[in-house]
Each structure stands twice: as C-alpha cells, then as structure tokens.
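Have a look at the picture first, then work through the points below.

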Amino acid sequence: MNKPIEIILRTLHVGSCRRVAALELEGKCPAKDFIEELAQSNAPGHNSFIARVDTIAERDKYRNPRTFKHLGDGLFEFKFNKTSMRLYAFYDDIEGLEPQLIIATNGGKKNAKKEQGRDIERAKTLKAKYFAAKEIESTQLIIKELDEE
C-alpha cells in the first residue's frame with residue numbers, strides 16, 4: 001500500500017493561458033528556494049525570471065528555445081538572458097485547475113556541464129515523484145501562493 005503524499009503547488013503567476021507554480025513535495029520546494037536565492041543574489045536575473053514567467057503564462061503557444069527550451073521527456077528549462085541560471089519545469093493538466101499548469105521543480109547554474117546534468121536529473125526525479133504521487137488516491141493536492149505558509 002502506498003503512503004499518501006501531500007503535493008503543494010506554490011503559485012508564481014496565473015496568466016490567461018497557464019498557471020506557473022513551484023512544486024513542493026515532502027516539505028521541500030527547491031524551485032522556491034532557487035527563486036528566493038536569485039532575488040537576493042541577482043536582482044536583474046530575478047527580474048528576467050519574473051518577466052519570462054509572465055510572458056509564457058500569457059501566451060497560448062510559446063515557442064522560443066532561447067528562453068524556454070524543451071529538454072526531452074516532457075522537461076523544459078526557463079533560460080535567463082545574460083545569466084547562466086536555469087529553472088526546470090514540466091506541464092500538467094489538473095481537472096478543475098485551469099488554465100494549463102507549468103510546474104517548476106528546481107533551478108541551477110549552467111556554469112558546468114556536470115552540475116547542470118545533476119540539476120536536470122533532479123528535475124526528472126521530482127517530475128517522476130509528482131506523477132507517481134498523483135496516482136495514489138489519498139494524495140492531497142494543495143494550491144498556495146509562493147510565500148504562503
């Protein structure tokens with residue numbers, strides 16, 4: 001028997017076409033940690049991130065691999081101009097929670113292939129855990145604002 005899991009989606013932005021949220025599983029929210037660190041350490045990078053999220057959330061079909069790139073297996077990366085920062089995400093549809101959802105998993109720097117490879121593997125693992133948890137009938141899905149406790 002699988003243990004129920006609490007999935008918290010911390011809303012970053014709700015646009016006319018999509019909702020963008022940070023994934024929190026097992027009490028950890030690596031995307032939120034990444035965003036908060038980016039806000040403190042790199043204001044221009046954080047502003048670029050906010051603009052990118054807003055733009056993608058407002059467009060039905062956003063296709064610009066220089067800023068939002070498909071990495072394969074349903075995993076995407078938000079890329080930030082003039083920085084080496086990346087935020088990894090995937091799409092999901094949840095009945096009753098429209099518009100379509102982009103779920104951010106974690107972020108990192110592209111300063112070293114080895115480090116970026118680890119970040120991508122972590123994103124794939126978080127994505128797999130999310131979808132596995134959704135299959136458990138007793139799993140709770142909770143929507144919160146990014147800074148809400």
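The chain holds 3 helices and 7 strands; here helices (H or I, at least four residues) and strands (E, at least two) are DSSP runs, numbered from the N terminus. Read from the N terminus, those elements go β-β-α-α-β-β-β-β-α-β. The radius of gyration is 15 Å, close to the 15 Å that the globule rule gives for 149 residues, so the chain is as compact as a globular protein of that length. That radius is taken over C-alpha atoms, and the globule rule is 2.2 Å times the number of residues to the power 0.38.

Before going on, keep in mind that this is a predicted model, where local features need pLDDT of at least 70 and side-chain atom pairs count only at pLDDT 80 or more, while totals for chains, interfaces and linings use all residues. Residues are numbered from 1 along each chain as its sequence is written, and side-chain values use heavy atoms, with hydrogens and water left out.

**The chain as a whole**

- Along its principal axes, the C-alpha trace spans about 45 × 35 × 30 Å.
- Buried residues account for 46% of the 149 residues; buried means under 20% relative accessible area, exposed means over 50%, and partly exposed is in between (1.4 Å probe, protein chains only).
- Take the contacts (heavy atoms within 4.5 Å) between residues at least 6 apart in sequence: 55% of them join residues at least 24 apart.

**Salt bridges**

- How many salt bridges does the count come to? The count is 6, where a salt bridge is a side-chain nitrogen of Lys or Arg within 4 Å of a carboxyl oxygen of Asp or Glu.
- One of them joins Glu 26 and Lys 129, at 3.8 Å from N to O. The pair links distant parts of the chain, with Glu 26 in the loop between E2 and H1 and Lys 129 in helix H3, 103 residues apart. Lys 129 is partly exposed at 38% relative accessibility.
- Lys 134 and Asp 92 also pair up, at 2.6 Å from N to O. Lys 134 sits in helix H3 and Asp 92 in strand E5 (residues 85-94), so this bridge ties together parts that are 42 residues apart in sequence. Asp 92 is buried at 10% relative accessible area, whereas Lys 134 is partly exposed at 32%.
- Glu 36 bridges to Lys 32, with their closest N and O atoms 3.8 Å apart. Both lie in helix H1, 4 residues apart, or about one turn of the helix. Lys 32 is buried at 13% relative accessibility, while Glu 36 is partly exposed at 38%.

**A buried lysine and its surroundings**

- Which helix holds Lys 127? Lys 127 belongs to helix H3, which covers residues 113-135.
- Lys 127 is buried yet has no salt bridge, and the nearest side chain of opposite charge, Asp 73, is 6.6 Å away.
- Leaving aside neighbours within four places in sequence, Lys 127 is in contact with Asp 73, Gly 74 and Phe 90.

**Loop residues to look at**

- Glu 26 turns up again here, in the loop between strand E2 (18-25) and helix H1 (30-41). Its phi is near 55°, a positive value in a residue other than glycine. Glu 26 is exposed, at 56% relative accessible area.
- Asp 73 sits in the loop between strand E3 (68-72) and strand E4 (75-79). Phi of Asp 73 is likewise near 55°, positive in a residue other than glycine. Is Asp 73 buried or exposed? Asp 73 is exposed, with a relative accessible area of 62%.
- Thr 67 is in the loop between helix H2 (43-58) and E3, and Thr 67 counts as buried at 6% relative accessibility.
- The C-alpha atoms of Thr 67 and Leu 25 are separated by 26 Å, and these residues are 42 apart along the chain.

Note on methods: Lys and Arg count as positive and Asp and Glu as negative; His and the chain ends are not counted.
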